[in-house]
Amino acid sequence: MRTAVIGLGNRDRGDDAVGLLVADDLALRLTGADVFAWERPELDLLEVLPRYDRVVVVDAARSGAPTGTIHVDPVLPAADVAGTHGFGIHGVLELAAALDRLPDQVHLALVEIGPATHGEGLSDEVATAVEQLVAHLTSVLAGGDADVPG
Amino acid sequence: MSHSHDRHIRVAELARVEGEGAMHVTVTDGRVDDVKLEIYEPPRFFEGLLQGRMFTEPPDITARICGICPVAYQISSINAIEDLCGVEVTDPIKQLRRLLYDGEWIESHVLHVFMLHAPDFLGYDSALDMAADHRGLVETALRLREAGNALLEVVGGRAVHPINTRVGGFHRAPRRRDLWALVPELEWALEEAVGAVRLVAGFDFPELDHGHRYVALRPDPADQAPGCSSYPIDGGRIVDTDGLDVPVSSWPDEFEEYQAGHSTALHARTRDGATYLVGPAARFALAGDRLTPAAAAIAKEVGLTAPDRNPFRSIVIRAVETVHALEEALAIIDEYEEPDESHVEVEPVAGVGHGISEAPRGILYHRYTVDGDGRITDAVIVPPTSQNQRAVEEDLALFVQAHLELDDAALQWQCEQAIRNYDPCISCSTHFLQLTVDRR
């Protein structure tokens, strides 16, 4: 099964880098999957999605849950997913579905963040969430079972 | 529900992290009193970040300011540093920079024309809704964007935050065969782009005639490398529709940023206090005679004449500029020969350097002060979006005044469309304004 993990975010906006940092960690640990720290506009994902059977997207969310909360395959309003400078991941996935570009399996892993700050560096809560989510995804993508952390 | 009496329309926040801001419109006794538009400005953070950095670092650092137009930030920063250091680059380096910029114009303009703006005119809430009825149009747009991204990848090393650019040229010059491999797709894209101009020129455009001064670059034809046009993109003198014609170093003498009071973002105006506008319409007004042949022909065919002061028709001009960028890219690839050296060596010079290039949205000004060790002691970055902000506010005031009969939801939608005419970085989301109405 061709698998990709795509981390989204902005390295210069504090906790909004969470998806990228999860991808950076996973790139060092995973074999058998392509890992992208995706700093391109989300719309460009439409080029990449059709190449895979399974895609895990990691991004930030602002739904009002406590900072650092991890949602895996959540049911969240699209507006609560903090898309940066683009359509937002929900919009892109919907468009991919409309254009028959969606992989067989698409999973979202979202980390709750507070207001995005300037500069690099994560809040303590989100830094902890990164470690937990990396461990979770490493296990799941290796074929293991793991409860959603948090 | 009263619509024509006192109204205070306040936009609480924009929906996306890079679109943080607010819009306030106050209507008193049926007249628009005030429009305040706040747009988040990432350059402010980067100006501080650049202090203490080496003079070679701005291209890599400033590229992170914008994921849609990183090349614009790179080229403006390179222009400023090379201006200070007295650098002259070779024709192949000029060709490659132009190719890189053409790629960015293509992907940025196509994104805006098809995915952000066309849905407004076709009566759809979003590109997603439009895709249900116009799948072929959306597929074409995505393929056109990929053609632009391919140029960025071959010349710049990757499609966003290109890694191959540097002060003095490039880290590595692309092979001629790698560029030639792009030709079939670029030729397909050119034909489609011409068709796109015909499509968007047929939209119904609301009437709006602003009186703003247009400002753009005007390059010297003698400075252009083989294959490169002299339509403004990566350098030139500053010109405007009131007769201004000055070097780039005169930007601070002719224009100024100021604190608008209601906003954390700085606004811009001419030194004599006038509002001005930059972007595709300004370029077309001041240099439309320099478009490539196919772009000039399709502009004439659809009846586009310079100057065009209706901001709603900016979508047509962007489509014409997409044709131009594609045709120019093909001409450059045809002429390109791999250089012996991918860059010229640059030694630091103490002083102040000024650089401007034409981002897809308009002129982008960089200024760096560098000390004797080559370290940046001060940086000023003025993006096109903030230069246009005052014009956008004034045009919004006109627009709201003419549409007071609309309810709040419809008015919000109209305001979003009006702002999209200027393609500011906040408008990437379909719904970036959350409008609340306080009734008095």
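Leu151(B) is placed in helix H6 of chain B. The model discussed here is predicted, not experimental. At a relative accessibility of 0%, Leu151(B) counts as buried, because the threshold for that class is under 20%. Apart from neighbours within four places in sequence, Leu151(B) is in contact with Leu99(B), Gly103(B), Ile106(B), Gly156(B), Leu182(B), Leu186(B) and Ala329(B). Between Leu151(B) and Val344(B) there are 193 residues of sequence separation, and their C-alpha atoms are 22 Å apart.

**The helix pair H4(B) and H6(B)**

Two packed helices are described by the angle between their axes and the distance between the axes. Helix H4 of chain B covers residues 91–122 and helix H6 of chain B covers residues 135–156; their axes come within 8 Å and cross at roughly 160 degrees. H4(B) is therefore roughly antiparallel to H6(B), since angles over 145 degrees fall in that class. The crossing of H4(B) past H6(B) is left-handed.

On the side of H4(B), the contact is made by Leu96(B), Leu99(B), Leu100(B), Gly103(B), Glu104(B), Ile106(B), Glu107(B), Val110(B), Leu111(B), Phe114(B), Met115(B) and Leu122(B). H6(B) contributes Leu137(B), Val138(B), Ala141(B), Leu142(B), Leu144(B), Arg145(B), Gly148(B), Asn149(B), Leu151(B), Leu152(B), Val155(B) and Gly156(B). By class, the residues of this contact divide into 17 nonpolar, 4 polar and 3 charged. Leu151(B) belongs to the contact, and its own partners include Leu99(B), Gly103(B) and Ile106(B), which are listed for H4(B).

**A buried arginine in chain B**

Arg318(B) is found in helix H12 of chain B, which spans residues 314–335. Is Arg318(B) buried or exposed? Its relative accessibility is 1%, so Arg318(B) counts as buried. Leaving out residues up to four places away in sequence, Arg318(B) touches His109(B), His112(B), Val113(B), Pro280(B), Asn421(B), Tyr422(B) and Asp423(B).

**A buried alanine in chain A**

Ala60(A) lies in strand S3 of chain A, residues 54–61. With 0% relative accessibility, Ala60(A) counts as buried. Which separations relate Ala60(A) to Val111(A), in sequence and in space? The two are 51 residues apart along the chain, and the distance from C-alpha to C-alpha is 4.9 Å.

Chain A contains 4 helices and 5 strands. Read from the N terminus, these elements follow the order β-α-β-α-β-β-α-β-α. Chain B has 14 helices and 15 strands. Of the contacts between residues at least 6 apart in sequence, 74% in chain A join residues at least 24 apart; for chain B the corresponding share is 70%. The remaining totals are set out below.

| Chain | Buried residues | Accessible surface | Carbon and sulfur share of surface |
|---|---|---|---|
| Chain A | 55% of 150 residues | about 6,000 Å² | 49% |
| Chain B | 63% of 440 residues | about 15,300 Å² | 47% |

Note on methods
Residues are numbered from 1 along each chain as its sequence is written. Chains are lettered from A and ligands numbered from 1 in the order in which they are written. This is a predicted model: local features need pLDDT of at least 70, side-chain atom pairs count only at pLDDT 80 or more; totals for chains, interfaces and linings use all residues. Side-chain values use heavy atoms; hydrogens and water are left out. Helices (H or I, at least four residues) and strands (E, at least two) are DSSP runs, numbered from the N terminus. Buried means under 20% relative accessible area, exposed over 50%, partly exposed in between (1.4 Å probe, protein chains only). Contact means heavy atoms within 4.5 Å. Accessible areas come from the Shrake-Rupley method with a 1.4 Å probe; for residues, only the protein chains shown count as cover. Axes are lines fitted to C-alpha atoms, for helices over the stretch in contact, and angles run from 0 to 180 degrees between N-to-C directions. Angles under 35 degrees count as roughly parallel, over 145 as roughly antiparallel, 65 to 115 as roughly perpendicular and the rest as oblique. A crossing is left-handed if the near helix is turned anticlockwise from the far one by less than a right angle, and right-handed if clockwise. Ala, Val, Leu, Ile, Met, Phe, Trp, Tyr, Cys and Pro count as nonpolar, Asp, Glu, Lys and Arg as charged, and the others, Gly among them, as polar.
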